[in-house]
Amino acid sequence: MSINTKKSIGQQMHSLMEELFPITRSITGEGVRNTLKRLKEIHPNLEIKEIPSGSRCFDWIVPKEWKIEEAFIEEVETSKRIVDFKNNNLHVVNYSVGVDKIVDFEELKKHLHYREDLPDAIPYVTSYYKPYWGFCLSYNQFKELNPKSRYRVYIKAEHFDGVLNYGELIIPGASEKEIFFSTYICHPSLANDNLSGPVLATFLAKFVKNLPKRRYTYRFIFIPETIGSICYLSKNLETLKRNVVAGFVLTCLGDEGDFSYLPSRQGNTLADRVALNLLNHEVGKFKRYSYLDRGSDERQYCWPGVDLPVCLVMKSKFGEYKEYHTSLDNLEFVTPKGLEESYNFYTKLIEVLENNRTYKVTTLGEPQLGRRNLYHSISHLGRSGFTKLLVDFLVYCDGERDLVEIADILGVSAYRLLEVVKVAKKYQLIEEVS
Amino acid sequence: MSINTKKSIGQQMHSLMEELFPITRSITGEGVRNTLKRLKEIHPNLEIKEIPSGSRCFDWIVPKEWKIEEAFIEEVETSKRIVDFKNNNLHVVNYSVGVDKIVDFEELKKHLHYREDLPDAIPYVTSYYKPYWGFCLSYNQFKELNPKSRYRVYIKAEHFDGVLNYGELIIPGASEKEIFFSTYICHPSLANDNLSGPVLATFLAKFVKNLPKRRYTYRFIFIPETIGSICYLSKNLETLKRNVVAGFVLTCLGDEGDFSYLPSRQGNTLADRVALNLLNHEVGKFKRYSYLDRGSDERQYCWPGVDLPVCLVMKSKFGEYKEYHTSLDNLEFVTPKGLEESYNFYTKLIEVLENNRTYKVTTLGEPQLGRRNLYHSISHLGRSGFTKLLVDFLVYCDGERDLVEIADILGVSAYRLLEVVKVAKKYQLIEEVS
Amino acid sequence: MSINTKKSIGQQMHSLMEELFPITRSITGEGVRNTLKRLKEIHPNLEIKEIPSGSRCFDWIVPKEWKIEEAFIEEVETSKRIVDFKNNNLHVVNYSVGVDKIVDFEELKKHLHYREDLPDAIPYVTSYYKPYWGFCLSYNQFKELNPKSRYRVYIKAEHFDGVLNYGELIIPGASEKEIFFSTYICHPSLANDNLSGPVLATFLAKFVKNLPKRRYTYRFIFIPETIGSICYLSKNLETLKRNVVAGFVLTCLGDEGDFSYLPSRQGNTLADRVALNLLNHEVGKFKRYSYLDRGSDERQYCWPGVDLPVCLVMKSKFGEYKEYHTSLDNLEFVTPKGLEESYNFYTKLIEVLENNRTYKVTTLGEPQLGRRNLYHSISHLGRSGFTKLLVDFLVYCDGERDLVEIADILGVSAYRLLEVVKVAKKYQLIEEVS
């Protein structure tokens, strides 16, 4: 299926998400590969890479590949299927080992996960680093279990030496310096956390490819969370440290809640500064978190010695909305409108990054705007609106502050200031400082 | 007329303003010259300089000289003079081209300026950089015009190659380092903005001349706003950058409103620090503006690459009081009391600047004040008032902080601290750090 | 008497204070010597030093020794003793000259000190640097005086060339770098200000001696206030400047009021940072003062050119509680509970100082805690409590921030973080940066 370009960007993103939603993803395995293959149809230059199980990446060992085919709980007496993986891939604890036995209710309970506070929701649970089997179900389903029954638990799953896969999409620009976007593809049927991330990344990559000219190289990576960023860093650390000027982890970008900001560890990188300027002046209302609230791959990107300039701009932050990590984080919770708001934010951010430079005025003293018809010549009509903004911009073009810093001083959006830069350049009132 | 020294300083300043008020000033021409000539009577070493029309100064071209002799609007049918320049020189748009024709009301309206919100006020309007003719009148006058009448508009004015004039008064001190005061002389019959500036400058220059000894050289300049500071900078930039340690634009200094502070672009120069200390501790209540609220010659002095340490301490700030740029900004709005408050502020500021130095204590550990009779020897009467202030001052004399910085730490006026410095010097408790 | 170790630490401290309380101390003389001798019984390596009267120390002259044997006021007519030094050594102005004469009420009044606002309290008054005689009494006593009576005033006291004494207790550690505690021993029968200081110092020295290993050398000094710190500095300045990494003036540490903090002059020394972290996170509620509120030997230790990293953590600050410098600052105002709170604070502070180091993580990217059983393997149980704190700590171990700075960023007690450090070290997740 090709993407219908008559739909709005938000609708197009939501359609792609609908396709990806049913796939059973995990940190390794067929689900990840199928997801990456679908994205490669849109971006043929997306490279699908692999690292063998057992490889050492920094402090970590790449885990075995996981394959699951079937999973259910059946009441022995009635042969009734209580939960079935076919209905919802969240029903099995992700990365579970295989099992096939009959257990009583007490034994079964040790392997069941539910949420009393959200009785309709199936929680999302994983057990990546310890062999374990388990099921997830809604509290309503759990309450209907008969404590006196015996249950057959069946999971047809295996772990074997395979590979860990990830996708890498590089879009070259005039400079080797890079803008970096990282998103993860390891969650099964969950929409905001995390499908909104790879979907937005896919559409931002299209936007970047369509830019009339690109100053920066753009790197989009699609990885399993944590182990994927560890692996990717272990193979690319030097390049990333040399080239990345700003980076963002893309996740939780499709709901209709307010925007959220989670800073890099350093807190004042270019990524942070651009994000905050646009959040303050293009978005307005947003929630500001601390790096102590981190939880995704920024944990690795900002680790001491890695120190990439990576922060997050999300809609509702992971862990902070009630649908998080349950079956309620679905295709209704994420909407075309929510996705499009994120798309609009990040495309503005890209435009600001492309044009963020340090300028110096070309005149000593104010330029004579009257001579250039940039100033209303009758005194009390003169210095308002655009002209005021132009001169305010110029007066801070001292060869030391970049565009974003000046926008912050002026209390305006750096995106809005781009039109001012154009005029200032056209009339040769500023020159770039290298 | 010599200035009557039996009057209070405020009254003397107001008297000088009364003399200067009627003169028709503009950015060039006879009005500026006559104003400067009057000031030269008081300060014979004031030099009146000129720059020919058409000269290039940085990005600007020096405009032609403007001469106006007569201007009126007359209702043709009745021969009634509606407005006449003889009654108030604000009635003609400043720098208007000449005109003599009969127009209908519709045409006339395009050339009339009034203020509905201030029905008695004649606004002050200029058109320096585009040929235009126009009249200013009160809204009450405007309402009485008959829309069916025809009107003769007559302005006898010409623009010709002449000169731009300004005044420069230099009072040498022990050092080449300078305190710089800039004020403008281009507004016609307007009192607070701007005659209060040149009048205060004139009296501060007298104060400076009378100082028993002068550490700094003082430079007072009297220029047309904007084009004047551009021209002056283009001729003196190197000298000013090398020598000026603190500078101030003098304007809006005669009304009885609260003080206002507008920082330099850098915001933390010596000029700013002294001004803020005295505003905080000698004045108390004042309004603090941002450099984004700038509007006078600080626009040029703080331009990137110029970067002089220049800020403003005003009474009611230009643009922020209703009388601003209208005939209501007159000799009643400006009072002897208002002028004298400004005089007192700036003379204290000069005394602080003259005595602002960096000191180092001469003892390790507190000095034994008891031996010097600087300390009440009975314990509970000891460390209060002056002694407390003296020791607090000493403990910050670490050879790094100047007087103003120490005053800020102590939360006291730097002016008040001058008496402490005297005692500390007398008892050799401190020594100056060069 | 040996200290009964079955009592609580607070009770032990209070018992020692009871012994020391009656001694008539002053800046010089027998009282100081007897106090030091008692402390030397507890710490035999306490050295009692002396400096001859008349010695020059920095800007100061060491005063003569003071000896007092008897002092009273007697109503001549009735032979009634109004006040008697035997009842309370506060009755005589400390360091008074001798006197024996009969005076009328008017003359007497010039030499009487009382507090109308505290009618039961005998104030504490000194006259160290000017010859004077005087008596202190309660306002209730004063009111009973008969204005028509004559009074015999008798003080048997003398000043003579002797010595100024102080005590110095050095407990060596692995490093020459020192933790410095200064306390004063010049006040007579006053408990919070100042006996709580030397008593706490004595017990902290015991604590330090019992540490299983000592990184730092510890220096405790027991001096007369002001003149003592001046003298001590004049003899030890170079050593102290080279070695002291953190220092504290111990005083006002025995009442049950809230803690108080008075910063060093610089305000951000290691001493300040540790004190503030523990006050914020181990104490919670405390009152923060400015260095302008200083009053004890921090005046000398922070003097420009001395610049030792010395601050104060007190209970109720000197001058800020009503009992201050009166007979109400007694053995009831100071309690075992109050003393023990201070002891607990400072022992934690010492443990933090001993263990405050700068660490660097040993892994690039997060360590795989699962492999080390430091992380619950099932996802939603994983990152909470101790594990969260451990990883938060690690992520700031960048080789630049010390333990206290990281604790401040995390918003936790540095003392609590010590257990995290132990685990991180055990699993070789961090290494020390020298």
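The side chains of C:D59 and B:R371 meet in a salt bridge, with N and O 3.1 Å apart. A salt bridge here is a side-chain nitrogen of Lys or Arg within 4 Å of a carboxyl oxygen of Asp or Glu. Side chains of opposite charge can pair when their charged atoms come close.

The model is predicted: local features need pLDDT of at least 70, side-chain atom pairs count only at pLDDT 80 or more, and totals for chains, interfaces and linings use all residues. Residues are numbered from 1 along each chain as its sequence is written, chains are lettered from A and ligands numbered from 1 in the order in which they are written, and side-chain values use heavy atoms, with hydrogens and water left out.

## The interface of chains B and C

The count between chain B and chain C is five salt bridges. The rule also finds 13 residue pairs in polar contact across this interface, both residues being at pLDDT 80 or more. A polar contact is a pair of N or O atoms within 3.5 Å; within protein, one must be able to donate a hydrogen and the other to accept it, and residues adjacent in sequence count only if both atoms are side-chain atoms.

On the side of chain B that touches chain C, at least two residues each come from α10 (385-395), β18 (398-402) and α11 (403-410) of chain B. Helices (H or I, at least four residues) and strands (E, at least two) are DSSP runs, numbered from the N terminus. The largest share of that side, five residues, belongs to α10(B). By residue type, the side of chain B that touches chain C divides into 11 nonpolar, six polar and eight charged residues. In this division, Ala, Val, Leu, Ile, Met, Phe, Trp, Tyr, Cys and Pro count as nonpolar, Asp, Glu, Lys and Arg as charged, and the others, Gly among them, as polar.

Contact (heavy atoms within 4.5 Å) involves 25 residues from chain B and 27 residues from chain C. The area buried between these chains is about 2300 Å², and carbon and sulfur atoms give 55% of it. Buried area is the accessible area (1.4 Å probe) that two parts lose on being put together, summed over both. B:L364, B:E366 and B:Q368 supply 28% of the area that chain B buries against chain C, more than any other three residues.

## How the copies are related

Chain B can be laid on chain C with an RMSD of 0.0 Å by a turn of 120° and a shift of 0.1 Å along the axis. The two copies are therefore related as by a three-fold rotation axis. In chain B, the C-alpha nearest the axis is that of B:N268, 13 Å from it. Copies are superposed by least squares on the C-alpha atoms of residues with pLDDT of at least 70 in both.

Chain C also touches chain A, with 25 residues from chain C and 27 residues from chain A in the contact. Across this interface the rule finds five salt bridges.

## Charged pairs

Over all chains, the count comes to 93 salt bridges. Several are listed below.

| Pair | N to O distance |
|---|---|
| C:D398 and A:R265 | 3.3 Å |
| A:R115 and A:D117 | 2.9 Å |
| A:R401 and A:D398 | 2.5 Å |
| B:K49 and B:E168 | 3.5 Å |

Surroundings can be described by accessibility: buried means under 20% relative accessible area, exposed over 50%, and partly exposed in between (1.4 Å probe, protein chains only). A:R401 is buried, at 16%, and A:D398 is buried at 12%. A:R115 is partly exposed at 25%, whereas A:D117 is exposed at 54%.

B:K49 is partly exposed at 27%, while B:E168 is buried at 8%.

Chain A has 12 helices and 19 strands. Buried residues make up 62% of its 434 residues. Its C-alpha trace spans about 95 × 45 × 40 Å along the principal axes.

Most residues other than glycine have a negative phi. A:D307, which is not a glycine, has a positive phi of about 55°. A:D307 is in the loop between α8 (298-301) and β16 (310-314) of chain A, and is partly exposed at 35% relative accessibility. Phi of C:S79 is near 60°, again a positive value in a residue other than glycine. C:S79 is in the loop between β4 (65-75) and β5 (80-84) of chain C.
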